[in-house]
Structures are given as structure tokens and as C-alpha cells.
Amino acid sequence: MKPVPPDQVETHFTEAVGGLLPGGPRQPSGMIRENSTLTASRCLELFDAQLTSRHTDLAARWLQAKGAGFYTIGSSGHEGNAGLAAALRITDPALLHYRSGAFYLVRASQASPPRDGVNDVLLGLVAAAAEPIAGGRHKVFGHRQLNVIPQTSTIASHLPRAVGLAFALARAAKLGTAARWPDDALVVCSFGDASANHSTAAGAINTAAYCSYQGLPLPLLLVCEDNGLGISVRTPDGWIGAAQSGRPGVRYFHADGADLAAVYDTAADAAAWVRERRQPAFLHLSMVRFGGHAGSDVESAYRGAREIGADLRRDPLLGTARLLVDGGVLAPGQVLARYEASRE
């Protein structure tokens, strides 16, 4: 079977990388850039996870075209969440948004021994009975070894569960009940910007703030991956920040999801806040979305070429490629070779 030919996202990425100028020497500190805590070597590892996640999405479309795949909601444009996974511990329970492919692959690599996260995802795409969590009944991110709790993240239905788990972590310690996770673990829960408007999210976030306001421990990191779209409906510019940044009892953080170093550094700061204070935080990541909502979505029917083109320039894979080239880790040709190796 022949592979799917490159689409406009792939074409833009390869052309943009080909136009990059070789960078200078590496930072003497070993970091990917000045004032970041992300090392160059770790950045390269996360880039590989981002590439793999992107090509897993392309494989989903390829499998669907052959009648062998049944799920095409992908993570393309959201691969910055690799930095979020890297900033957390594998012992932090995670309830993930359905665009968390790169997060899951990084979390799988953190296992001892490392787990083949790609195989987990592909088994879900083809509804295989051997899929480790749902047994082919549904495509979800989840695995007990990785502390990724399986659930459907549609319309933020998993947020109340995340709040309850964060509350239970502290309550278990108070009651002297053994918990599955360390005493300093935090719960991470990711979701989309449109889901933030749903009643389940509003109730969960309000409950988190209410507990925090009363001084009750609630180690919860809420992560809104804001691509500005709920299927085909736009989220008003600035709405997530305006609605969440002033909430009492919940510390607000923001980062550009196309900048892997910024995501990593900001997520590390947010996680430290939650872990040390046992209080909730809201991490707002500005993302883009490629390939429409799913394989059946004709995005050009409700978005213009200029708007789509602006998103292409904010491709997180391109952002990480620039980091690696500017930091003297890879030459542009090596980036493209790595991309093609990941495709194969």
C-alpha cells in the first residue's frame, strides 16, 4: 500500500525547515536556549515524540482510506503537550484530552522499561481487541503502568473526576488510607477551549476554586489546550484568559503551545506551584489545530485560506525545529531526515 501523499501541513513544514539558516554553537549551559531549563538533549527527545505523534495522525487517515481505521480525531497542532508531559512525573495521574498524542508518547517513554506507546495508539485506531485499555471498544489514551486514567474527554466530562481524584489524594493521607500514588503527586487534566464552556467544566473548576478558597488541599493542574475552535465554532479571542485568569484560589499560567521550551518551562513552574502548595492551577496553552476536527471535517468550509495559513506558521513541529537549529543541535537537513525517518 502506498503512503498518503504530503498535505499542505507537511509541505509547509518541509519548505519552512528547508529555508532555515544553520544556527550557532550550542549554549554552554547545555540548555536549548538562554533562560530555559529545557536541555538540548531532552528537546531532541521530545521532538521525536512530536514527530511520531504527527505521523500517527497521518497513519490514522491512511488506515481510514483503506477501510482499516476507525478514528481520525488527531493531535496535529497540539504536539506542544510533549513539553507538559516532560515537566511532570510518571507518578502524576493524568486524565487526558483526546488530542494528547505527544503527551502519551512521552509518558510511555518515561516508563521503566519504556513502553511502546505507538503500538497502543495504533491498536486503538483499528479497534483491535488487543488494545490495552478499551479492548477495541473505543479509542482512548490510557494505561495503568503510565498512570494515564482512561476516560472519554468529550465536553469536559472528565473534569469532575479529576477534581474528585485530586481531593481524594489529600483526603487519603488524612485518613491514613494507602493511595496508589506518592504523597506529593498531583493530578493533571487536559481539555479543549470549547469544553471549558460546558457545565461540567464550569462546575468542576468552580469546585476546585471553592476547595482552595477554604484551604482544602487540592493538587490539581488544569490544562486548557486552546486552539480557538470547538469543531467548527470559534472561541472568542481572549476568552479563556479573561474567564480563568482572575479566578480566586486557582493560579493562572499561560504559554505559547508552539514553543516547546516555553511549554516545558511554564508547565514546570505550574507543576511546582501545585505540588508544593497543594493548590490548583490553570495552565492555558495557545494551540493550533491541523486536519480539521476529524477526518470527515472539511475545514475550508468555515475557515479562510489566510486563517489556515496563519496556523501553518505556528506549527509546533516547526517551532521545535527552529529551537534545535538555532541551538546548534541539528542542521535543517538533519531535521528533515529525522522527519522522514519518523514517517517510515
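**Exercise 1. At what angle do helix α1 and helix α12 pack, and how far apart are their axes?**

The model is predicted: local features need pLDDT of at least 70, side-chain atom pairs count only at pLDDT 80 or more, and totals for chains, interfaces and linings use all residues. Residues are numbered from 1 along each chain as its sequence is written, and side-chain values use heavy atoms, with hydrogens and water left out.

Step 1. Helix α1 covers residues 8-18 and helix α12 residues 332-343; helices (H or I, at least four residues) and strands (E, at least two) are DSSP runs, numbered from the N terminus.

Step 2. The angle is about 155° and the axes are 8 Å apart. Axes are lines fitted to C-alpha atoms, for helices over the stretch in contact, and angles run from 0 to 180 degrees between N-to-C directions.

Step 3. The angle makes α1 roughly antiparallel to α12 (over 145 degrees).

Step 4. From α1, the contact (heavy atoms within 4.5 Å) uses E10, F13, T14, V17 and G18; from α12, P332, V335, L336, Y339 and R343.

**Exercise 2. Describe the surroundings of N227.**

Step 1. N227 sits in the loop between β3 (220-226) and β4 (229-230).

Step 2. With 12% relative accessibility, N227 is buried (buried is under 20% relative accessible area, exposed over 50%, partly exposed in between; 1.4 Å probe, protein chains only).

Step 3. Leaving out residues up to four places away in sequence, N227 touches H78, R99, D193, M287, V288 and R289.

Step 4. The side chains of N227 and H78 make a polar contact at 3.0 Å. Such a contact is a pair of N or O atoms within 3.5 Å; within protein, one must be able to donate a hydrogen and the other to accept it, and residues adjacent in sequence count only if both atoms are side-chain atoms.

**Exercise 3. Classify the aromatic pair Y104 and F141.**

Step 1. The whole structure holds four aromatic pairs. Rings of Phe, Tyr and Trp (its six-membered ring) pair if their centres lie within 6.5 Å; planes under 30 degrees apart count as stacked, over 60 as edge-to-face and the rest as tilted.

Step 2. The ring centres of Y104 and F141 are 5.6 Å apart and the planes stand at 35°, so this pair is tilted.

Step 3. Y104 belongs to helix α4 (residues 101-109), and F141 to the loop between α5 (117-125) and α6 (159-175), so the pair ties together parts 37 residues apart in sequence.

Step 4. Y104 is buried at 2% relative accessibility, and F141 is buried at 8%.

Methods:
Parallel < 35°, antiparallel > 145°, perpendicular 65-115°, else oblique.
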